[in-house]
Amino acid sequence: MDQIVNKNLLKVTCASSDDAIAVLNPATDEILTYIPSVPTAEINGLIEKSKQAQLLWQERTAAERCAILRKWYDLVIENSDDLARIMTLEQGKPLAEAKGEVLYGASFIQWFAEEGKRTYGETIPTPASGKRLMTIKQPVGVAAAITPWNFPIAMITRKAAPALAAGCSFIVKPANQTPLSAYAMAELAYEAGLPKDLLIVLNNHSSVAVGDIFCQNDDIKKLSFTGSTQVGSHLIKQCADTIKRTSMELGGNAPFIVFEDADIEEAVKGAIASKFRNAGQTCVCANRFYVQNAVYDEFVEKLAKAVAELKVGNGLEAGVNIGPLIDMKAKNSVMGYINEAVEQGAKIISGGRSLEGLFVEPTILADVTQEMEIVQTELFGPIAPVIRFENDVELVEKANDTIYGLASYFYTGNLHRAFNIAEKLEYGMVGINEGIISNEVAPFGGVKQSGFGREGAKQGIDEYLNVKYLCFGGF
Ligand code: SIN
């Protein structure tokens, strides 16, 4: 932590105590620092403060709110090296990727600092004379979020920026594994002029307890969650009692499809970017590969060659492409998937070994079949199972054979096939000849059990706005 230039970013850290939460470096297993666990008895009080702050914030003009967000964006960019270092230390991803995430996270602040000025209502042609109809959009009120450890900044800004731009207040519970990035981002927001009660970051030993309070408190009008389908389903049920609006960005099981008419070199490049970003710990990353028979061997061979060049190690070291997994539970489950697939007949083409600490070799498994457990599970690790297919009809059936519907990818040189397959895939997002699809201008989100609601894009701010219909008569 000594190498962090702007010490103000780490104001929240505290001494070790029974109440404190230890933050670990997954690359070394060392304790980086401690943060306070906010007592659950205090959380409703924080929500009340957030509510009072929101009432004042919604009275400010959109231009005033957006100017503060814009300043926040500038400060994030100014501090991007420190933020990236903090992220690599607590999350493990290579420094270059962490820097990429800081910029990606910042892009949501910039985007919504602009979109916040454009939350237009409508005038509606009246069906009855003597009436004038229109809609206005108003902030939902207090918005809360529970965010994951895999993208410690971007998953917060993708929610906080539209919420704040819309005139909401925002309370976030970041993952206990990666809270430092969240607190650092909040410090920069305060420095930009955001009132402290408007953006509250809190952690507690029990994520479940915080989730319960968020769901039960009627002053929270919106809950946005990024995480597993299982937890998302629980939260939706919990939110039913207060009829709370929710957005759910849940699990994925992205198929990555290579047709025989694809540019194989490009498909391999896309596969590496999509599969091994963040050591495969990404909801949208390629989870299972379907390769048409005629190009199966060529693709597997070229993918293995590219994977052999990936360097595994501490993300702070130069040239490292794949960092550690987040914790031992994650590593054990990834190794379990590899071993089980091999027992069921899959063949290791590359990697497959558990390395010291939380590191796992990037792994390619060939001869994988649709029936294997590895095809149905969100792997969240650097494993690429490769399955053969013969024709488009069979492919679509296999690719859609999952409860999930977040991202999907395919490579083809045939435009007719591109439209046909894109329309048939039951996913919220489709990358066509492209392995990286996320950015601030696109509506990120899934269908089926991958959730609902869109983040980023012009749609992202509507998640934090209520539409009010006004009917004028008698004028
Ligand atoms: C995620 O893993 O949920 C987010 C990945 C992204 O924004 O690309």
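Visitor: Where is N79 found?
Guide: N79 sits in the loop between α2 and α3. Helices (H or I, at least four residues) and strands (E, at least two) are DSSP runs, numbered from the N terminus. The model is a predicted one: local features need pLDDT of at least 70, side-chain atom pairs count only at pLDDT 80 or more, and totals for chains, interfaces and linings use all residues. Residues are numbered from 1 along each chain as its sequence is written, and side-chain values use heavy atoms, with hydrogens and water left out.

Visitor: Is N79 buried or exposed?
Guide: N79 counts as buried, at 10% relative accessibility. Buried means under 20% relative accessible area, exposed over 50%, partly exposed in between (1.4 Å probe, protein chains only).

Visitor: What is N79 in contact with?
Guide: N6, L9 and L188, leaving aside neighbours within four places in sequence. Contact means heavy atoms within 4.5 Å.

Visitor: At what angle do the axes of α2 and α6 cross?
Guide: Roughly 130°, and the axes come within 8 Å. Axes are lines fitted to C-alpha atoms, for helices over the stretch in contact, and angles run from 0 to 180 degrees between N-to-C directions. The two helices are therefore oblique to each other. Angles under 35 degrees count as roughly parallel, over 145 as roughly antiparallel, 65 to 115 as roughly perpendicular and the rest as oblique.

Visitor: And α3 with α6, what angle there?
Guide: Helix α3 (residues 80-91) and helix α6 (residues 179-191) pack at about 160°, axes 8 Å apart. That makes α3 roughly antiparallel to α6.

Visitor: Which residues make the contact?
Guide: From α3, L83, I86, M87 and E90; from α6, P179, L180, S181, A184, M185 and L188. The classes are 8 nonpolar, 1 polar and 1 charged.

Visitor: New topic. How many residues of α5 are buried?
Guide: 13 of the 13, so α5 is largely enclosed by the rest of the structure. α5 covers residues 154-166 and reaches 18 Å from its first C-alpha to its last, close to the 18 Å expected. The expected span is 1.5 Å times one less than the number of residues.

Visitor: What comes just after α5?
Guide: G167, with a positive phi of about 105°.

Visitor: What about residues other than glycine?
Guide: Most of those have a negative phi, and most peptide bonds are trans. N278 has a positive phi, near 55°. K448 has a positive phi too, about 50°.

Visitor: Where is N278 found?
Guide: In the loop between α9 (264-276) and β11 (286-292). N278 is buried, with a relative accessible area of 2%.

Visitor: And K448, what is its place?
Guide: The loop between β16 (429-432) and β17 (451-452). K448 counts as partly exposed, at 35% relative accessibility.

Visitor: Back to α9. What about F276?
Guide: F276 lies in helix α9. F276 is buried, at 3% relative accessible area. Its C-alpha is separated by 5.7 Å from that of P382, 106 residues apart along the chain.

Visitor: What else is F276 in contact with?
Guide: Beyond neighbours within four places in sequence, its contacts include E97, V307, L310, I322 and A384.

Visitor: Switching to strands. Which strand is the place of S224?
Guide: Strand β8, residues 220-226. S224 is buried, with a relative accessible area of 0%.

Visitor: What does S224 touch?
Guide: A144, A145, I146, K159, S247, E455 and Y464, not counting residues up to four places away in sequence.

Visitor: Last one. Where does G315 lie?
Guide: In the loop between α10 (293-308) and α11 (328-343). G315 is buried, at 3% relative accessible area. G315 touches T88, G92, K93, P94, L95 and V320, not counting residues up to four places away in sequence.

Notes: Ala, Val, Leu, Ile, Met, Phe, Trp, Tyr, Cys and Pro count as nonpolar, Asp, Glu, Lys and Arg as charged, and the others, Gly among them, as polar.
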